[in-house]
Amino acid sequence: MASEESEVPQINQSQEEEGSNQGKKLSKKEAAKLERQRKRQEAAASAATAALSAVSVDEGPDPLAGNYGDVLLNDLQSKVVSGRQWTKVELLAPEMRDQVVLIRGRVQTIRPVGKKIAFVVVRERGFTVQCVLTVKPELVSAHMVKFATSLSKESIVDVEGVVTVPEKPITGATQQQVEVQISKLYCVNKAVPTLPINIEDAARSEVEIEQALEKGEQLVRVNQDTRLNYRILDMRTPANQGIFRIQCQVENIFRQFLLSEGFVGIHTPKLIGGSSEGGSAVFRLDYKGQPACLAQSPQLHKQMAICGDFGRVFEIGPVFRAEDSFTHRHLCEFTGLDVEMEIKEHYSEVMDIVDRLFVTIFDSLNDKCKKELEAIGRQYPFEPLKYFRGDKKTLRLTFEEGVQMLKEAGIEVDPFGDLNTESERKLGQLVAKKYGTEFYILHKYPLAVRPFYTMPCYDNPAYSNSFDVFIRGEEIISGAQRVHVPEFLAKRAEECGIDVKTISTYIDSFRYGAPPHGGFGVGLERVVMLFCALNNIRKTSLFPRDPQRIAP
């Protein structure tokens with residue numbers, strides 16, 4: 001039995017991993033299916049409205065009308081500073097018993113019980129509390145109960161009431177040990193009666209859907225394109241609230257760690273002349289009559305900053321890639337976390353920073369984001385990342401060692417080529433089995449597969465002082481020692497088919513004295529995706545941009 005879909009035909013796991021299908025037109029069969037679904041939703045909405053209307057009351061004037069209703073626009077235009085204090089839903093606890101609180105949040109669910117009682121679950125930033133509305137003389141009227149039951153889901157409300165402690169935990173809310181007995185209820189902003197997708201549907205796991213199918217039940221599955229089309233609603237699910245809070249934490253730790261290591265945060269231009277790394281897959285544009293493009297990477301300007309005597313720099317900013325990569329791990333715009341630093345003796349100094357930086361990030365996420373990781377795991381179950389901690393350094397293998405491991409497993413790889421996605425995943429499995437880690441560094445890549453500014457190995461110019469870093473068998477970091485000698489840099493550029501004139505200002509910056517240096521770049525979205533073992537990078541991009549999507 002097929003499960004019911006939401007808005008557009010569902011895509012299976014393999015389709016989802018290959019990217020977004022937004023640009024495809026619906027067939028007549030699919031369009032007819034959508035129309036049938038729309039009619040079912042309208043019928044359900046009409047039935048719900050009829051059920052709420054059945055809660056009839058005397059239509060005479062209500063002496064308690066001031067305790068509820070819609071807040072007028074005039075009162076929302078920064079009219080007055082009242083001094084009222086709102087309590088966060090996440091802070092509601094049994095210790096607040098009998099206290100009067102004012103909370104603001106979204107109406108998640110409404111359940112009327114006859115004409116005199118209604119249960120309203122209010123949600124604020126992922127935390128929920130059950131609020132109870134009971135008809136009481138001179139406090140709550142039947143009109144007020146009817147008003148509450150008429151509210152549409154996701155509407156913004158202000159609730160004032162007394163905190164009580166129920167006899168049994170409230171399993172349908174995050175704040176299970178408390179309830180709020182409503183005395184005042186005001187609608188700050190109404191949501192439309194029928195939402196394009198329901199939050200409870202968007203928050204449902206594949207496990208729940210499959211278990212329901214085994215019982216002969218149909219549950220709505222909200223597929224990826226539908227989620228992204230209505231991202232504003234989709235991001236309200238507990239899992240997405242967790243994903244983007246974890247993303248914020250990764251960025252914060254990245255910055256704090258590097259500042260503590262003496263790095264300086266910089267901001268490089270995203271508009272440049274020519275191509276940022278000599279490639280053709282860039283977003284080209286006209287810049288006041290001059291040809292220009294969006295930077296593929298801040299790489300060249302990071303190196304120029306090192307020449308400017310900063311010693312150690314980092315940047316957090318957008319990166320643009322115009323490749324038509326229809327995969328589960330590529331975006332046309334992502335957030336780059338980039339680092340560049342002087343090297344005293346060996347490019348292993350850069351790998352040392354990578355090691356300590358990412359172990360610090362992983363430790364912090366596991367320690368400080370337990371609730372967020374649990375929320376993600378409920379919808380997208382995953383095993384915690386295995387990595388070396390404490391005194392045990394992150395595993396480092398040479399490219400040749402990695403190739404040998406693959407060869408012993410029956411997989412032939414060009415020793416002077418690059419690893420494809422399948423080889424990377426297989427090597428990740430082999431490393432995890434042999435060494436017990438899912439986070440490792442592979443270094444000394446063939447020079448032919450690295451950018452022109454990569455420093456060759458001193459003992460074998462066919463290889464380079466470069467490295468990639470992997471999580472769960474997928475590459476997240478690319479780094480290397482850079483060429484800092486201008487004449488050699490120009491020679492390398494020419495060998496790679498790059499017109500030196502287009503990067504003359506970059507090469508000239510090394511003519512005034514440049515220290516040996518190296519660095520690396522990593523995509524923020526990919527770090528979160530792989531740490532949480534998610535199957536698509538679009539899940540970790542707030543508003544993803546891929547070859548077929550530029551909205552919303």
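The model is a predicted one, so local features need pLDDT of at least 70 and side-chain atom pairs count only at pLDDT 80 or more, while totals for chains, interfaces and linings use all residues. Residues are numbered from 1 along each chain as its sequence is written, and side-chain values use heavy atoms, with hydrogens and water left out.

To start with the big picture, the protein chain holds 16 helices and 17 strands; these are DSSP runs numbered from the N terminus, helices being H or I with at least four residues and strands E with at least two. Take the contacts (heavy atoms within 4.5 Å) between residues at least 6 apart in sequence: 71% of them join residues at least 24 apart. The chain exposes about 27400 Å², with carbon and sulfur atoms supplying 52% of that; such areas come from the Shrake-Rupley method with a 1.4 Å probe, and for residues only the protein chains shown count as cover.

Next come the strands, where a pair needs at least two DSSP bridges. Strand 6 (residues 179–189) runs parallel to strand 1 (residues 68–70), joined by 3 bridges, and here G69 has Y186 as its bridge partner. Strand 4 (residues 127–134) also pairs with strand 6 in the parallel sense, over 3 bridges, with Q130 opposite E179. Strand 5 (residues 156–164), on the other hand, pairs with strand 6 in the antiparallel sense over 9 bridges; E160 stands opposite K184 there.

Elsewhere, 3 strands make an open antiparallel sheet in the order 8-10-9. Its edges are strand 8 (271–272) and strand 9 (284–287), each pairing on one side only. Strand 8 meets strand 10 (residues 290–294) through 2 bridges, and L271 sits opposite L294.

N536 lies in the segment after helix 16 (524–531) and is buried, at 0% relative accessible area. Its side chain makes a polar contact of 3.4 Å with that of Q224 (a pair of N or O atoms within 3.5 Å; within protein, one must be able to donate a hydrogen and the other to accept it, and residues adjacent in sequence count only if both atoms are side-chain atoms). I232, by contrast, is found in helix 7 (residues 231–234) and counts as partly exposed, at 48% relative accessibility.

Notes:
Buried means under 20% relative accessible area, exposed over 50%, partly exposed in between (1.4 Å probe, protein chains only).
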